[in-house]
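Happy to look at this one together. Let's take the labels one at a time and ask what stands behind each.

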Amino acid sequence: MRRLVHDLLPPEVCSLLNPAAIYANNEISLRDVEVYGFDYDYTLAQYADTLHPEIFTAARDILIEHYKYPEGIRKYDYNPSFAIRGLHYDIQKSLLMKIDAFHYVQLGTAYRGLQPVPDEEVIDLYGGTQHVPLYQMSGFYGKGPSIKQFMDIFSLPEMALLSCVVDHFLGHGLEFDQAHLYKDVTDAIRDVHVKGLMYQWIERDMEKYILRGDETFAVLSRLVAHGKQLFLITNSPFSFVDKGMRHMVGADWRQLFDVVIVQADKPSFFTDRRKPFRKLDEKGSLHWDRITRLEKGKIYRQGNLFDFLRLTEWRGPRVLYFGDHLYSDLADLMLRHGWRTGAIIPELEREIRIINTEQYMHSLTWQQALTGLLERMQTYQDAESRQVLAAWMKERQELRCITKALFNAQFGSIFRTFHNPTYFSRRLVRFSDLYMASLSCLLNYRVDFTFYPRRTPLQHEAPLWMDQLCTGCMKTPFLGDMAHIR
């Protein structure tokens, strides 16, 4: 077995709990992919977390100086460990919470302002249940009428600021309209981006803010060397993208791409047929000539996916597009146009390292102990076994709380509640064929590698799988599966 795993299997198969691995939700062969597409922010360009306090502080000051919010809000600083991506915010209840794949609020993860809301109050707010009805949930792009899901990395300072402002109003007994407060905070965060403040910070000190630039260059160069076509579709302006790409790739970065589209206005780029492409010259000036073809080395603005497909004929599974936002980058491409999609999830690296460090904390030893207890407790007549089980369950619950705190003290892991996947995980599985911590993970795989989703048991199959594993008679049809048996 040692020789099989270490000598015969290719390295990319042995990727269990590897933060540099690519994880598959769907079978996909890179051999069939001819065209690679990319978003820019948090895809080609990875940013340091030091950017988030800058966004928080600028938006906080905008609230005070332009929206005339109380000066007392200025005492709040950004807390990088408060929120996680994928949380939901109930606007009318001013409630920030973590919801699982089945629309249940994970108890212990609901906050109003900076204070936890008791489980009993959460249940009472939703009519005697933890369940949030489907009609109240966020819509297709995470923006429902009453509940918003925060899906991108830029939303971390937004959630922090929203919670701080609510905390100030509640702490000082000030009345406020929940919907207006939410809109003002959202608008203040938007102003930071629209006014170009974030672009200015990054352009002034790219070494400080941009991470893994050399790896981005290595990925793009490798794909081009193997005859792949590349394109870029981003909402960022050309001057910002140009400076960032020059920093990471070099002055001739545009020669790597067959098509470059900036200020695309995603997600409407994927659904709105009305906006035409416009060409930008070297100085960034807009030309109004009708675009009849997309030329390599040229820069285009806005446009729409339908014209893009017509002009390039890049359709279906021969195209693989990478982005960090599950809704505005990936959802439409997979569901409506048949492209293959890859999600960039930077948090994945940290979460995997936590799991590795703690060795799951709920190891097979616990499962064996519980199995032994249950065998002794067939009729629940063994008083000693019941006492041991009660103690075991209490310790198990304490371990769950410890595990949650390791990821995030308030909300835990972005991928899992105590028992179920999160709503974020549900959308990740639905809208991405592959997901990974960064684009550089592609460097660990051949350009003709085939990804297979790991076969896991359905609930009605689980007892059979465990019996086979425990008795050592597990028959595995594919060598790749052997790497995941420990």
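**Labels and their cut-offs**

Of the chain's 486 residues, 51% count as buried. This is a predicted model, in which local features need pLDDT of at least 70 and side-chain atom pairs count only at pLDDT 80 or more, while totals for chains, interfaces and linings use all residues. Residues are numbered from 1 along each chain as its sequence is written, and side-chain values use heavy atoms, with hydrogens and water left out.

Q: What makes Cys164 a buried or an exposed residue?
A: Buried means under 20% relative accessible area, exposed means over 50%, and partly exposed is in between (1.4 Å probe, protein chains only). Cys164 has a relative accessible area of 6%, so Cys164 is buried. Cys441 is buried too, because its value is 3%.

Q: How many disulfides does a search of the whole structure find?
A: The search finds zero. A disulfide here is a pair of cysteine sulfur atoms within 2.5 Å.

Q: Why is α2 called oblique to α4?
A: Helix α2 (residues 51-65) and helix α4 (residues 155-171) have axes 9 Å apart and pack at an angle of about 40°. Angles under 35 degrees count as roughly parallel, over 145 as roughly antiparallel, 65 to 115 as roughly perpendicular and the rest as oblique, so α2 is oblique to α4. The axes are lines fitted to C-alpha atoms, for helices over the stretch in contact, and angles run from 0 to 180 degrees between N-to-C directions.

Q: Which residues of α2 and α4 meet, and how do they divide by class?
A: Contact means heavy atoms within 4.5 Å. His52, Ile55, Phe56, Ala59, Arg60 and Leu63 in α2 meet Leu156, Pro157, Ala160, Leu161, Cys164 and Val165 in α4. By class, this contact has 10 nonpolar, one polar and one charged residues. Ala, Val, Leu, Ile, Met, Phe, Trp, Tyr, Cys and Pro count as nonpolar, Asp, Glu, Lys and Arg as charged, and the others, Gly among them, as polar.

Q: What makes α6 roughly parallel to α9?
A: The axes of α6 (residues 197-204) and α9 (residues 238-248) come within 10 Å and cross at roughly 20°. That angle makes α6 roughly parallel to α9. Tyr199, Ile202 and Glu203 in α6 meet Ser239, Phe240 and Lys243 in α9. The residues of this contact divide into three nonpolar, one polar and two charged.

Q: What is the phi of Asp265, and where is Asp265 found?
A: Phi of Asp265 is near 60°, a positive value in a residue other than glycine, and Asp265 is found in the loop between β12 and β13. Most residues other than glycine have a negative phi, and most peptide bonds are trans. With a relative accessible area of 34%, Asp265 is partly exposed. Pro267 lies in the loop between β12 (259-262) and β13 (277-280), and the peptide bond from Lys266 to Pro267 is cis, with omega near 5°.

Key
Helix = DSSP H or I, 4+ residues; strand = E, 2+ residues; numbered from the N terminus.
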